[in-house]
Amino acid sequence: MAVSASYEATARAGDAPLPDAVPETAPGPGAPPPELVVRGLRKTYEAETAPVRALRGVDLTVGHGEFVALMGPSGSGKSTLLHLLAGLDRADEGSVTLAGVRTEELGAARLARLRRRHVGLVFQFFHLIDHMSALENVALAALVAGAKPAEATERARDLLDTLGLLEKQGERPAALSGGQRQRVAIARALANRPTLLLADEPTGALDSDGAAEVLDLFTRLHRDGQTILMVTHSADVAGGAQRIVRIRDGVLLDADTSGEPS
């Protein structure tokens, strides 16, 4: 497998100890703490004409093992929120507590380490590396998360097998269908055994068959205990989640439920 030692060095950069995990909210007796707690999150972008208030004081809690759909129209702030939760951008105000750690208290290196340990990201347009096979794409993510090369390869094969793609492990992305490429991308996101799987419009670039494949996979992952927060503008896609939270103009509206609870 074409991976270099530099990836292992990258995986271990900034490995100063993270703060002790302290839940921000007390769970019920015997219940695990929530995986994600967001309080008062605000984000404003400067524009030529006027500032854009992308988020205006967002509060959100995602419990252990929940499958939550964040639904809203284009420009509602849902992708901005996802980027802040993943540590890809910084909020102007408010707090994000992921796996018991307040992310705003971390420097860039420690935030990257937290993300490698606890977050899996699935994008609308896959973002696979074109010259690498399906197996190499997934194994690379495991390497960056800190696995040894042999462990990374084994983890990648296990995930591709679980997602029904083992026979495609040697294929490059161009040889795969849209649904297959997104399943490889999901396998890559699961390579670090994430606490929280974040998915940004994961069916947006797929036809109806590919979208159905991905939603079925997310349902299986949820039943196996994976915590998922999925951004979508589609009511049909959101309907597969355990809980729906709506966002408009940077503000979360009343949440409701859909589907069967876990």
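**Close-up views of a predicted model**

**View 1**

**View 2. The open sheet.** Four strands in the order E2-E1-E4-E5 make up an open sheet, and their pairing is antiparallel. Strand E2 (52–62) and strand E5 (101–102) each have a single partner strand and therefore stand at the edges, with one side of each left without a neighbour in the sheet.

**View 3. The pairing of E4 with E5.** Strand E4, residues 93–98, runs antiparallel to E5, and 2 bridges join these strands. Thr97 has Arg102 in E5 as its bridge partner.

**View 4. Packing of helices H6 and H7.** Helix H6 spans residues 178–189 and helix H7 spans residues 208–223. The two helices pack at an angle of about 25 degrees, and their axes are 8 Å apart. Because angles under 35 degrees count as roughly parallel, H6 is roughly parallel to H7. Their crossing is right-handed.

**View 5. Residues at the contact of H6 with H7.** On the H6 side, the contact is made by Gly179, Gln180, Gln182, Arg183 and Ile186. These residues meet Gly210, Glu213, Val214, Leu217, Phe218 and Leu221 in H7. By class, the residues of this contact comprise 5 nonpolar, 4 polar and 2 charged.

Note on methods
Residues numbered from 1 in each chain as written. Predicted model: local features only at pLDDT ≥ 70, side-chain atom pairs only at ≥ 80, totals over all residues. Heavy atoms only, no water. Axes fitted to C-alpha atoms, helices over the stretch in contact; angles between N-to-C directions. Parallel < 35°, antiparallel > 145°, perpendicular 65-115°, else oblique. Left-handed = near helix turned anticlockwise from the far one by under 90°. Contact = heavy atoms within 4.5 Å. Nonpolar A, V, L, I, M, F, W, Y, C, P; charged D, E, K, R; others polar. Pairing = 2+ DSSP bridges.
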